[in-house]
Amino acid sequence: MEHPDPHTAAQAAAVENLLRCWVREARLPAPSDGTLRIPLPASGTALIAPVHYWSPTGWHRFGLPHLADTPEQSPPADAVTVAALLARETPEGVGTAGPRAADATRAPSGASAVFGPASATPGLASAVFGPASATPGLGSAVLGPAPAPTGPVPDTPGPAPETPGPASADRTDLVARVAESVHRTALFISDRQDRPADGPDLFLSAEQALVLGHPLHPAPKSREGLSDSEVRLYSPELRGSFPLHWIAVAPSLLATDSAWTERGRPVAAPQLTARLAGPGLSLPDTYAALPLHPWQLREVRNRPDVAALFDAGLLRDLGPHGAPWHPTSSVRTVHRSGAPAMLKLSLGLRITNSRRENLRKELHRGVEVHRLMRAGLSRQWQTAHPGFDIVRDPSWLAVDAPQGEPVPGLDVMIRHNPFHPAADVSCIAGLVSPRPHTEPTTTLGGHRTAWRSRLAQVVTRLAARTGRPRGAVSAEWFLRYLEHVIRPVLWLDAEAGIALEAHQQNTLLLLDTDGWPSGGRYRDNQGYYFRESRRGELDARLPGIGRYSDTFVSDEVTDERFAYYLAINNVFGLIGAFGSQGLADERLLLAAFRRFLADVATGPARLRTSLPARLLDSSTLRCKANLLTRLHGLDELVGPVDTQSVYVTIANPLHS
């Protein structure tokens, strides 16, 4: 990845992502000889890759792979080749959606590690690999032999539903999206090499920092449907910006709700959008101004139901207007320095695993959570943890059809913007993401590309300032992060029965002037899990809660998703960044996390959340499998929350 050529570096990054995904989702063990070997029986070969760093939490570093038994001078396998080969090794039925049916006390290996012991899910092995007579030995060829599980199996509600296997079109789609992601990543790297300096708005610069994206996703930078010229306008990695496209909505079609207040007075969503549009917008009397992403406007105008509303004059196209807005790391939420609000727009592009159009229940959810916080919960939370809060989504505006049903893709969520340009705040994903830097070499006039994250820069600077080793600084920094960010999130689950989908992109970290964690924020009107067991308590706080937002989820599903997003994605991902970037020993940070969890569960300020005990006592955890989710063509915003993604069982690093 250190190669100066952007395309070569992008290829290396993409291949590493694919290998990391496969190692996690197929539960491959650490090789004893420093070489990863992935059998490919469907293709009659194997992939061989040098292991540069093996991460207990999954952020491995690999060299470029080669196909086994090829001539020494053969070029390494590129990302498209690796994606195609791995897709062929994913037979129908692989993976399960929803909560885990059963977990052995000791983590099994091989096929049973991924899919559960055969006794717990009868028939699943044949669903994965086909009848034994048809494909003898395929499971052990791909994943290694599966020893019989040991230890008791706890009582469970029964086996999880199987996810239908990937169709040929889904496999082809995966390969195409990997190719597109490589192309986009190369463009982003090239641009950073040419324009390395960040802008003056620290929050926005952090949002633009995810040059490589999710390290455990097969195609993190694929944006299906964007032309190259649109990519330059709409990509945060390229520091794009654009004016919003505005339409006028007749009062008969307007759907809206707002809990936004200023000096104690309510402010309606149409007032907010008119103010954000600025002067000069030709808005007809009684109509409301609705901002849209320019790409989305072009897309929805071609939908017959929307075209009919324009033809009838119930929607009117006002055109591009106003000062430019900047896409943030989610691509569809836009930011303008100094504006009182950010705007979460619908965007029908498929980004990572989903097409990003707002659902009406999510719009309701954002306002509902804001009202819940104002009903007294925020005051309790701030008393216990004054440095942490939720970035509120208190207002929205959308379009209903004449018959009353929502018109998909025509809506906006209006989000508070609590950050001034000088505030040092960063999503964790942007903080840990390596970025290319050009450095001089000892050769006269020479230079090289070095990859460093903001996290590495902060830790290195703190080590130099304090005269302490980077490992010691990393450990203290990590402990402060647990107290300022993770403990408040656990408090909310314990005291209110609300689990946050606090993955690294949704979690914002505030740094003090020296670079130490000093507070945090959570953002996302989608990612709330109201525990079904706490429905009565939450309804007492806010009568009627959940009626329109569809936010109550079974405790079983909540536990699984909370463990994945907060522990695996967020904390283990942070530990993996420290380790893979040479800043700290992951084993020491895992030990620190264990002590922290034990204190939360049993210490003097113990909390009644179930997550610490789950993490401390379970030898395995359920983990979202992004490669398999992508192979199955699943959209994580569609369908019941417990079947939107493929989940696999992995060994718990806290027990390794």
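Modeller: Glutamate 224 forms a salt bridge with arginine 350. This is a predicted model, where local features need pLDDT of at least 70, side-chain atom pairs count only at pLDDT 80 or more, and totals for chains, interfaces and linings use all residues. Residues are numbered from 1 along each chain as its sequence is written, and side-chain values use heavy atoms, with hydrogens and water left out.

Biologist: Why is the pair of glutamate 224 and arginine 350 called a salt bridge?

Modeller: The term asks for a side-chain nitrogen of Lys or Arg within 4 Å of a carboxyl oxygen of Asp or Glu. Here the closest N and O atoms are 3.4 Å apart. In general, side chains of opposite charge can pair when their charged atoms come close.

Biologist: What makes this pair a tie between parts apart in sequence?

Modeller: Glutamate 224 lies in strand S6 (residues 223-224) and arginine 350 in strand S15 (residues 347-351), so the pair ties together parts that are 126 residues apart in sequence. Strands (E, at least two residues) and helices (H or I, at least four) are DSSP runs, numbered from the N terminus.

Biologist: What makes aspartate 524 and lysine 344 a salt bridge?

Modeller: Their closest N and O atoms are 3.2 Å apart. Aspartate 524 sits in the loop between strand S25 (517-522) and strand S26 (528-531), and lysine 344 in strand S14, so the pair ties together parts 180 residues apart in sequence. Both aspartate 524 and lysine 344 are buried.

Biologist: Why do glutamate 560 and arginine 561 count as buried?

Modeller: Glutamate 560 has 1% relative accessibility, so it counts as buried. Arginine 561 is buried too, because its relative accessible area is 2%. Their side chains meet in a salt bridge (3.1 Å, N to O).

Biologist: Now the sheet. How do you know that S14 and S19 pair?

Modeller: Two strands pair if DSSP finds at least two bridges between them. Five bridges join strand S14 (residues 341-345) to strand S19 (residues 406-416), and the two run antiparallel. In S19, arginine 415 is the bridge partner of methionine 342.

Biologist: What joins S18 to S19?

Modeller: Five bridges, again with antiparallel strands. Proline 406 in S19 is the bridge partner of aspartate 400. The hairpin of S18 and S19 has five residues between the strands, and glycine 404 there takes a positive phi near 105 degrees.

Biologist: Why is S19 called largely enclosed?

Modeller: Eight of its 11 residues are buried, so S19 is largely enclosed by the rest of the structure.

Biologist: Which strands are the edge strands?

Modeller: The open sheet has eight strands in the order S8-S18-S19-S14-S13-S12-S7-S11, with antiparallel pairing. Strand S8 (254-258) and strand S11 (288-292) are the edges, since each pairs on one side only.

Notes: Buried < 20%, exposed > 50% of the residue type's maximum accessible area, 1.4 Å probe, protein only.
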